[in-house]
Amino acid sequence: MIVRFFHRMASPMHFYRIAGLFVPWLGVLSAALLLAGLYGGLVLAPTDYQQGESYRIIFIHVPAAWMSLFIYVVMAAGGLISLVWRIKLAEVIAISSAPIGASFTFLALVTGSLWGKPMWGTWWVWDARLTSELILLFLYLGVIALYGAIEDKRVAARAVAILALVGVVNIPIIHYSVEWWNTLHQPATITKFDKPSIHLSMLVPLLLMALAFKLYYATVVLMRARCEVLERERNSRWVQSLVEPAAR
Amino acid sequence: MTPIRKKRLYLIGMMVVGVVVATTLALNAFDENLMFFFSPSEVAAGEAPTGHPFRIGGLVEPGSVQRQSDGLTVAFSLTDNAQRVTVEYTGILPDLFREGQGIVAMGSLGNDGIFVASEVLAKHDENYMPPEVASSLKTAHEDGVNQLIKGSVQ
């Protein structure tokens, strides 16, 4: 029964229809949370005892950095499913995630750099955390370029899945880089088996922003995946009838 | 799971394990070079390179910051609560530089044991809190220390 449900969901036609129903709701929810998080983070949250107002960049930087890792894991999982079970939808989700993940990685790098100048005294240092995050950006760009370079999209998806799986090794390196090596970047504040070292008044807007970013990703990945499905299935009857209902 | 899928899963598993092992070996081999900075203890133990510049990281020891008469040169001792190294720096310090703060300095060690820095970066910690909380924590800590001292005197 569950297996049948998944098989039905994985058919491009059903996915296209059901994802279309979810997109507006997810979008509205994400925008609402984003507004609440930004208001809480930029207006309500108190200033930091040491960094003053500049710390407020964490409300963008930290969720963006989390998303850059999260999306990569989703992409690699999609790659694994598409390689082993040959489910087309997994390929579609994986490849639709790549540009979003690349954007979040870029955002994390840029905001970190903007914060680094006043706080550390430098825009960029080659420490383990910053370097591994930069490698993540290149992995995303590699995935996008590889997919674009191969004409046959099913072959392309397989090549991309292998690249994504090889790159997975970078994810724990990014996360633990601040513990394994001496880095200029500070250790984890929240993602550790311990009480978060951030005051509750700052933690709440940060988590709101993180949730808003997650929902934003869900919205955009579904939109992109719908687009990709249409393009791949453009010769099938259901897409034809979608474009020209009269011709049916 | 059908045999062919099992085989694919197995192959992918082998590939990922292979990559992980290769990366682990490579990172272990690079270990020394991936360290962004050396601690004062490592410097004292002679683990830091002597010929070329390196970075040293630690806490600025409270009460050790001395400004020279030209107004730009500062000397302070950097500690990891075990060893200390005297650092000399001429230039503008970052906003977060203060006594008790973690910093990373780039430079080289002179024969006199003084580390001459060409760049000083502040290292931020992972704690975020409003100023009121920070000051109440500090007073609570001081109260605790005072009580301890009183207790030991009595």
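Buried residues make up 32% of the 154 residues in chain B, where buried means under 20% relative accessible area, exposed means over 50%, and partly exposed is in between (1.4 Å probe, protein chains only). In chain A, the buried share of the 248 residues is 48%. Keep in mind that you're looking at a predicted model, in which local features need pLDDT of at least 70 and side-chain atom pairs count only at pLDDT 80 or more, while totals for chains, interfaces and linings use all residues. Residues are numbered from 1 along each chain as its sequence is written, chains are lettered from A and ligands numbered from 1 in the order in which they are written, and side-chain values use heavy atoms, leaving out hydrogens and water.

Let's stay with chain B for a moment. Its secondary structure comes to three helices and six strands; here helices (H or I, at least four residues) and strands (E, at least two) are DSSP runs, numbered from the N terminus. How does the radius of gyration of chain B compare with that of a compact globule of 154 residues? Chain B has 24 Å, whereas the globule would have a value near 15 Å. That radius is taken over C-alpha atoms, and the globule rule is 2.2 Å times the number of residues to the power 0.38. The C-alpha atoms of chain B fill a box of roughly 75 × 45 × 30 Å along the principal axes.

What about contacts inside chain B? A contact means heavy atoms within 4.5 Å. Of the chain B contacts with a separation of 6 or more, 44% are between residues 24 or more positions apart.

Between strand E3 (73-79) and strand E4 (84-90) of chain B there is a loop, and B:Asn81 is found in it. This residue has a positive phi of about 65° although it is not a glycine. Most residues other than glycine have a negative phi. B:Asn81 is exposed, with a relative accessible area of 69%.

Now over to chain A, which has nine helices and zero strands. Its C-alpha trace spans about 65 × 35 × 35 Å along the principal axes. Among its contacts between residues at least 6 apart in sequence, 74% join residues at least 24 apart. Chain A has its own residue with a positive phi: A:Arg86, near 55°, is not a glycine either. A:Arg86 lies in the loop between helix H3 (58-84) and helix H4 (88-119), and at 33% relative accessibility it counts as partly exposed.

For chain B the figures are about 9,300 Å² and 57%. These areas come from the Shrake-Rupley method with a 1.4 Å probe; for residues, only the protein chains shown count as cover.

Finally, how do the two chains meet? 43 residues of chain A are in contact with 37 residues of chain B. Together the chains bury about 3,600 Å², 64% of it on carbon and sulfur atoms. A:Tyr49, A:Gln50 and A:Asn182 supply 19% of the area that chain A buries against chain B, more than any other three residues. Buried area is the accessible area (1.4 Å probe) that two parts lose on being put together, summed over both.
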